[in-house]
Amino acid sequence: MSTTLYPPLNLRIITPKLELHGATDELLAQLLPIVRKGVVAGPLDPFDDPMSLYEDNPVRERKWLQAIWRGRGTVSPGSWRLYFVVMLDGQAVGMQDLIGVDFDTCRTVASFSWLAPGIRRQGLGREMRAAILHLAFEGLGAAEAASEAFFDNPASNRVSGSMGYQPNGSNWATRRGEPAVLNRWRLGRGDWAQNRRSDIELIGVEACKAVLYIK
Ligand SMILES: CC(C)(COP(=O)(O)OP(=O)(O)OC[C@H]1O[C@@H](n2cnc3c(N)ncnc32)[C@H](O)[C@@H]1OP(=O)(O)O)[C@@H](O)C(=O)NCCC(=O)NCCS
């Protein structure tokens with residue numbers, strides 16, 4: 001696919017610690033060894049169903065790629081998803097997605113992320129969330145960002161809590177078919193603005209607005 005046909009593949013978000021690059025097939029190929037080895041590590045199942053990353057190889061990688069390709073092609077004014085590969089010192093190490101939810105009417109977004117198991121708990125999760133929030137609020141004019149994490153996922157809940165999100169109730173969801181409680185979080189534009197970062201650079205945003213139906 002030519003990146004000129006789908007501008008989100010040209011998007012870049014640059015922070016002092018890491019970069020988020022639009023998830024081209026070339027970058028997905030660089031991430032594939034991590035997906036093959038396994039993103040779900042240890043006793044914690046962090047993702048709600050359905051989730052390709054719970055599958056065994058080779059179904060895992062096929063479904064993972066198919067979901068991303070489907071997401072590129074499933075865009076409407078109220079619903080879209082942008083996929084980014086997390087780049088650390090030039091290496092692909094994880095994914096950070098931004099999901100438009102009723103964006104045309106409510107300007108709300110959600111996010112989703114994972115890092116290679118070996119590089120967690122070094123502050124990268126917070127940094128990539130700050131990067132994607134900068135795109136959402138500064139770049140695309142979001143009004144509110146939501147996040148959800150299972151009650152026993154301290155890393156994701158802590159990222160949300162420490163970045164100013166407020167608790168917003170809970171939901172039930174399944175993981176590998178078993179029900180569990182998801183904590184819900186919300187971050188309003190005003191709360192984001194209070195801790196707004198001035199060291200994050202956005203590249204390629206304007207060219208994306210038309211394909212996302214953003215005025
Ligand atoms: C969620 C994830 C992206 C967070 O990235 P990370 O780099 O590990 O997180 P950070 O190092 O930025 O840590 C953020 C906070 O969580 C805390 N934390 C991280 N891992 C923790 C753990 N296992 N137990 C307790 N606290 C933890 C950190 O101490 C830090 O707290 P602080 O803000 O008070 O300093 C990463 O852990 C991951 O890929 N997890 C598996 C997939 C996942 O859960 N995705 C989210 C699904 S909702």
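**Backbone, sheet and ligand shell**

Arginine 107 lies in the loop between helix 3 (103-106) and strand 5; helices (H or I, at least four residues) and strands (E, at least two) are DSSP runs, numbered from the N terminus. Arginine 107 has a positive phi of about 55° although it is not a glycine. This is a predicted model, in which local features need pLDDT of at least 70 and side-chain atom pairs count only at pLDDT 80 or more, while totals for chains, interfaces and linings use all residues. Residues are numbered from 1 along each chain as its sequence is written, and side-chain values use heavy atoms, with hydrogens and water left out.

**Cis peptide bonds**

- Aspartate 49 and proline 50 are joined by a cis peptide bond with omega of about -10°; proline 50 is in the loop between helix 1 (25-37) and helix 2.
- A cis peptide bond also joins asparagine 57 and proline 58, with omega of about 0°. Proline 58 is likewise placed in the loop between helix 1 and helix 2.

- Nine strands form an open sheet with mixed pairing, in the order 7-8-6-5-4-3-2-1-9; two strands pair if DSSP finds at least two bridges between them.
- Strand 7 (166-175) and strand 9 (201-203) are the edge strands, each pairing on one side only.
- Neighbouring strands of this sheet are turned by 25° against each other on average, direction ignored. Axes are lines fitted to C-alpha atoms, for helices over the stretch in contact, and angles run from 0 to 180 degrees between N-to-C directions.
- Helix 2 (residues 59-73) packs on the sheet and touches strand 3 (79-88), strand 4 (91-101) and strand 5 (108-115), where contact means heavy atoms within 4.5 Å. The direction of helix 2 makes about 125° with that of strand 3.
- Strand 1 (residues 12-14) pairs with strand 2 (residues 19-22) in the antiparallel sense over three bridges. In this pair, isoleucine 14 stands opposite glutamate 19.

**The ligand site**

- The ligand is surrounded by 20 residues, the closest being Ser113, Leu115, Gly123, Asn153 and Arg158; a residue is near a molecule if one of its heavy atoms lies within 4 Å of it.
- The shell around the ligand divides into eight nonpolar, seven polar and five charged residues. Ala, Val, Leu, Ile, Met, Phe, Trp, Tyr, Cys and Pro count as nonpolar, Asp, Glu, Lys and Arg as charged, and the others, Gly among them, as polar.
- Strand 5, helix 4 (124-139) and helix 5 (154-162) each supply at least two residues of this shell. Helix 5 gives the most, with six residues.
- An oxygen atom of the ligand is 2.6 Å from an N or O atom in the side chain of arginine 158.
- Polar backbone atoms also face ligand oxygen atoms, at 3.1 Å for glutamine 122 and at 2.9 Å for glycine 125.

Key. Polar contact = N/O pair within 3.5 Å; in protein donor to acceptor, adjacent residues only side chain to side chain.
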